[in-house]
Amino acid sequence: MVVAALAQSDAEDLELMWRIRAFEEKASELFARGKISGLLHLAIGQEATAVGVCGALNPLDTVFSGHRPHAHAIAKGAEIGKLFAELAGRGTGYCGGKGGSMHLAVPEVGFVTATGVVAGNIPLALGAALSSSIRGKQEVSVAFFGDGAVQTGLFHECLNLASLWKLPVVLICENNGFAEFSPLSAHTVVRRLADHADTYGIPSETIDGNDLALVRAAAVTAVDRARGGGGPSFLECLTHRFRGHYEGDPTLKRGSHARDEEKDPISRFVRSLQGHAGSTEPEEIEARIRVEVDEAADEALTAPWPDRENLATNVVASW
Amino acid sequence: MLYAEAVVEALRRSIEDDERVHLMGQYFLGLTPHRTMVGDLYQQHPDRVYFPPIAELGYVGAGIGAAIAGLRPIVDCATASFTFQAFAQILNEAANIHYMSGGQTSVPMVIHYNHGVRGGGAAQHSHSPQAMMWNTPGLEIITPSHPADLIGLVQTAVASNNPTIWVDHVRLFDTEGEVPDDIDPIPFGQASIRREGSDLTVFASSWMVCRSLEAAELLAAEGISVEVVDPRTLVPLDEEAILQSVAKTGHLLVVDECHLRCGVSSEITAIVAEHAHGDLRAPVRRLATLDVPVPFSAPMEEFVEPTVDKIVEAARSVVEGR
Amino acid sequence: MLPDLGAEVLVALLERMLVARRFEEQLIDLAQERDIGHFHVYVGQETTGIPALALLEGGDLSFTNHRNHGHLIARGAEPGPMYAEILGRVTGYCRGKGGTLHLASAKHGFPTTSSATGGCIPPAVGAALGFQRLGSDRVSVCLMGDGALEEGAWHESANIAAMEQLPVVFLCENNSLEALGQRAGEYPSSTMAASDLTDLASVFGIESVAIDGLDTRSVHQTMTKAVQRARAGDGPTFIEARTVRWPGNRPIWPELATGKTNLSMAWDNSIIPEEHKKWHQEQDGVLRFVRELMSGGQISKEVVLELDRETSARVREGLVFALDSPYPSPEEALEHVFAPHQG
Amino acid sequence: MVTETVRYIDAISSVLRHELDRDPDVLILGEDVSYGGPFGATAGLSESFGPRRVIDTPISEGAVMGLAVGAALSGCRPVVEVMFADFVTLAMDQLVNHAAKFRYMTDGKLSVPMTIRVQGGVGGGYGAQHSQSLESWFLHVPGLKVVAPSSVADAGGLLAAAIRDDDPVIYLEHRGLYWSKGSFVPGGSPTRIGAAAVVRPGSDVTVVAVSRMVNIALTASEKLATEGIDVELVDLRSVAPIDWETIEDSVRRTRRLVVVHEAAVTGGLGAELVAGLSARAFEVFATSAVRVGAPFAPVPASPFLEQFYAPSVDDVVVAVHKTLDDR
């Protein structure tokens with residue numbers, strides 16, 4: 001037994017962050033090898049927001065994500081094997097190959113859906129919150145979106161609605177400083193995006209989104225507020241992405257940050273743990289997870305293609 | 001010249017020939033590797049470019065106002081699916097303004113998008129909304145399929161005092177075609193017979209022209225002579241060219257990347273059924289994207305879109321009267 | 001209070017206010033006699049739009065909405081062709097194709113009128129972008145109601161205007177005070193969570209100010225400054241002008257709830273009836289403007305009444321002109337779908 | 001159950017009330033719905049069911065549509081009221097890219113049981129931005145169902161069916177029909193979506209019409225009957241899916257087809273009907289099909305121009321003659 005073993009929850013957090021990181025890196029590799037096609041947006045460097053926020057949720061709470069959704073799905077409890085299968089267009093994927101990366105849906109773990117449309121998921125989360133409140137449920141909804149979504153009209157309409165109707169929703173803006181390819185400064189003069197929430201009387205916080213503990217604490221406050229009938233909250237998590245906007249970008253440098261140990265949420269978390277104890281276990285976790293991820297990917301790639309018979313099924317429930 | 005180069009060339013000419021032309025948006029060449037060429041053009045003309053935020057409703061609408069104020073903006077919506085965000089401004093404002101004002105005010109702007117199945121785009125990035133736009137009077141729609149046509153059509157679009165939808169396709173970018181040094185503006189409403197033939201008329205636009213030409217080549221080997229009619233502009237439409245070709249061949253296959261129901265293929269078929277029913281020796285066949293959202297997975301994606309093989313098979317069935 | 005303007009200019013402003021008021025009163029009357037379709041009136045907001053838009057110069061563009069009659073009159077549009085348009089006659093500004101909802105007169109600086117809520121905002125910002133790119137010192141004015149702020153188009157456009165420091169003035173006429181649907185204690189409206197509408201603009205760093213839309217001095221000063229800023233290239237301004245919703249505008253179809261405006265109420269309190277007393281005494285901007293002009297010695301009651309007779313006659317003639325005008329030929333329905341191509 | 005004679009709009013109100021009553025998951029969302037909406041369809045519902053189920057929204061069409069989708073994903077059955085069809089343009093992305101696709105993209109894991117009540121049509125001098133008929137757009141989007149009742153009975157029956165359906169259904173209301181009267185059974189059973197109705201059997205020409213054009217075509221049919229021409233009139237009722245069976249059966253008997261709708265002919269529903277039938281029953285056509293619809297122009301505001309814009313009884317008569325003369 002390792003004397004300075006990680007506390008159970010810390011180990012789980014680290015494991016989850018590594019699972020996301022390793023999944024995304026593997027996806028990148030598979031894309032480069034031509035095993036995955038389509039638009040692939042990775043969240044390497046943004047693991048702390050996904051794990052911090054989803055860790056504050058109950059299993060029945062719902063999450064609606066955008067075009068960079070893998071981290072949120074994994075943090076909410078999706079199985080990576082079925083995620084890989086979906087990314088690779090296989091019949092065993094979560095959506096039977098019909099959705100792909102941007103349209104993942106794992107409602108059984110509360111990850112209701114992602115959308116490929118910037119800000120398109122925000123009203124959906126509001127609707128789930130409305131449903132919860134009308135039906136007298138205690139469930140809270142979360143929308144994850146990037147800083148680019150804040151310039152859309154839909155965002156503005158949604159803040160107004162969420163505030164007017166005091167909906168139990170938590171809006172998480174992962175501000176990685178890039179809207180698609182260009183820096184945020186090319187998209188808005190607003191420097192603190194949470195100012196928008198203040199305008200509508202929505203409580204907000206702007207925090208270091210690479211600090212897992214900070215994200216977790218802020219998310220718990222926001223989720224408690226929503227569950228207690230206190231209405232919506234807005235969390236602006238300042239974070240970084242270490243890849244470009246999408247995989248295969250010919251101008252890879254655009255829209256990404258250099259890998260930086262100071263910013264890397266995993267390195268930071270590990271350092272914060274080692275402050276307590278000189279454990280070597282974090283490396284073991286990484287190694288174990290990488291094996292798990294490799295195996296899941298290999299299995300997904302050997303899975304069959306979807307059955308052509310299913311092509312026109314599930315367009316509508318029935319005619 | 002590569003089609004992608006022609007896109008840049010068309011933009012370059014527009015900027016250099018008319019100082020009122022400004023470009024709004026930056027994804028004329030989508031996310032393809034070619035897009036660095038647009039970047040180079042932008043560096044040469046930094047004062048003629050506007051990089052909008054992700055706010056299609058706002059910036060497409062701003063293009064309308066800028067056109068009213070005296071610019072000739074070319075606005076890029078990137079992927080066709082994003083035009084849905086801007087439908088209120090494109091279809092309820094731009095299309096109506098000239099009419100509602102009784103001819104007082106014009107909206108000389110061009111709205112560009114890349115449509116269609118592009119490989120892994122799935123349901124939210126693979127639309128071909130031109131059929132919907134077609135049902136809204138007031139928009140001109142160009143659907144080039146050849147680099148030279150593209151340059152000529154864009155010149156006319158920029159000179160036009162109407163809002164013009166410029167429909168492009170990322171799969172066209174890697175195609176090649178001869179482009180003479182001197183290209184005059186191509187008048188709207190003039191179809192191009194891209195290949196002459198006597199047994200069957202194939203109507204196709206945009207990327208589907210290329211696939212139809214490839215299919216025609218294969219069919220020629222079987223002894224089926226195919227005439228490929230490329231309308232080049234959907235609005236206005238050269239109905240005469242279609243009817244003439246059908247009068248000659250007696251058979252029509254419409255290939256279209258929009259969905260089947262109420263797609264471009266529906267209108268073309270209806271026109272022929274109304275005006276040339278007597279010329280037809282067999283039912284018109286429509287080959288369009290199946291009426292399901294475009295699936296993500298590659299084999300399913302290929303299954304829903306019109307492919308060369310499907311065109312060949314459909315062509316045979318029309319000619320054989322099956 | 002009165003703006004710092006000469007008596008002649010002030011009287012000219014009153015004249016346009018009276019044209020606007022009488023124009024719409026007569027329109028409501030007409031709607032009792034014949035079906036003229038759905039329309040919206042500007043009654044109660046004249047003291048905002050008329051002094052504000054009278055400041056604009058040739059080439060400045062203004063983009064208005066479904067509540068547009070007063071705006072057009074403010075920039076000199078004539079009652080005759082306006083009525084003709086509302087009645088679908090060929091002599092209307094849009095030859096019968098626009099109607100009241102899309103009433104536009106390009107020569108008066110109204111190139112197009114959208115009646116989709118918020119529909120005018122992106123084009124107004126775009127016109128400012130055009131002016132900026134063309135190196136022109138013209139300004140664009142976006143005339144919007146408070147409801148337009150609920151639309152996403154507002155947010156997207158405000159962000160663009162702020163980013164590019166565009167020469168645009170957003171004149172938001174908040175007529176929701178005492179409006180249908182407003183619940184007790186709710187301001188600015190029952191469907192907007194922001195406690196102050198100006199916050200929606202200032203969050204983008206846009207210069208923004210809320211004023212009393214019944215106070216012509218405040219309207220004039222604020223608008224003058226906003227237009228100067230725009231012309232000088234100093235960027236956009238957002239003005240929230242608060243007015244009270246006219247009681248006749250509270251139902252969905254306008255009605256003459258307070259009767260036809262009796263200008264004598266400006267100087268004779270004894271004739272003000274109990275019903276709608278507050279409206280006549282405090283909330284009707286036109287009466288207030290007349291009172292201010294009179295107490296400032298700028299006009300006599302005789303001149304007021306004479307001016308009213310003249311404008312009423314002009315407005316009546318306008319209606320006669322419209323009613324005498326022919327309808328367009330049916331085939332005109334097919335014209336102006338597209339502008340012709342050159343050559 | 002008692003049959004009553006009521007107005008079209010009353011049938012809508014009655015069904016909304018009935019469905020709110022029978023299913024606690026049904027909600028109504030729209031601008032001013034607690035005040036009855038612009039034409040009074042939701043009058044009194046807020047008083048009965050409270051503001052938590054009859055919800056006034058800001059003028060934020062995009063967000064409200066998306067919010068309803070989210071509520072539908074989470075167990076509610078929202079009924080969204082869009083004040084004018086033209087304003088669907090503001091919510092197009094949520095409708096096309098979200099509501100219509102979630103079932104498919106998730107391979108059936110998600111359902112979007114919602115109804116979108118859309119008011120529109122030519123009439124009243126509302127002009128180009130408040131009068132457009134958009135059914136062909138919706139027909140073009142896989143995943144959406146579209147109904148367009150022309151009779152009072154169907155106004156009720158199709159609305160009940162739409163609300164109980166597990167997919168997004170666009171329910172098109174023509175404001176020119178609101179005050180028309182007909183028989184209606186309060187609390188009656190839903191009308192099946194996807195079934196056309198032969199409203200007038202005949203043998204010479206098949207006329208397929210939709211929404212208000214059914215009434216126009218019926219008048220035309222009666223006029224033609226006096227000339228000895230026997231029209232079979234089919235009310236499409238459901239735009240998506242189209243009841244090909246009923247229409248094809250009719251055309252096989254009459255061998256002639258006229259299609260009537262209020263939208264522009266180009267790219268309209270008629271194109272699909274003619275194209276579909278010419279493929280299905282190519283050999284039976286004795287003469288060319290004829291499409292009757294609006295000209296390729298936006299809707300003019302002038303009431304005078306307006307009356308020439310939408311198809312008239314005479315337009316239908318001329319079209320029917322054409323299918324008979326053109327031999």
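1. Basis. This is a predicted model, in which local features need pLDDT of at least 70, side-chain atom pairs count only at pLDDT 80 or more, and totals for chains, interfaces and linings use all residues. Residues are numbered from 1 along each chain as its sequence is written, while chains are lettered from A and ligands numbered from 1 in the order in which they are written.

2. Domains of chain B. Chain B splits into domain 1 (3-172) and domain 2 (192-319); the bounds come from an automatic or database domain assignment. Their C-alpha centres lie 26 Å apart.

3. Domain contact in chain B. Here 24 residues of domain 1 of chain B contact 24 residues of domain 2 of chain B (C-beta atoms, placed from the backbone, within 7 Å). On the domain 1 side, α5 (130-134), β5 (140-142) and α6 (147-159) of chain B each give two or more residues. Helices (H or I, at least four residues) and strands (E, at least two) are DSSP runs, numbered from the N terminus.

4. Sheet of chain D. Seven strands make an open, mixed sheet, ordered β3-β2-β4-β5-β7-β6-β12. Pairing requires at least two DSSP bridges between two strands.

5. A parallel pair. Strands β6 (145-147) and β7 (169-174) of chain D run parallel, joined by three bridges. Val146(D) stands opposite Ile170(D) in β7(D).

Terms used:
Contact = placed C-beta atoms within 7 Å.
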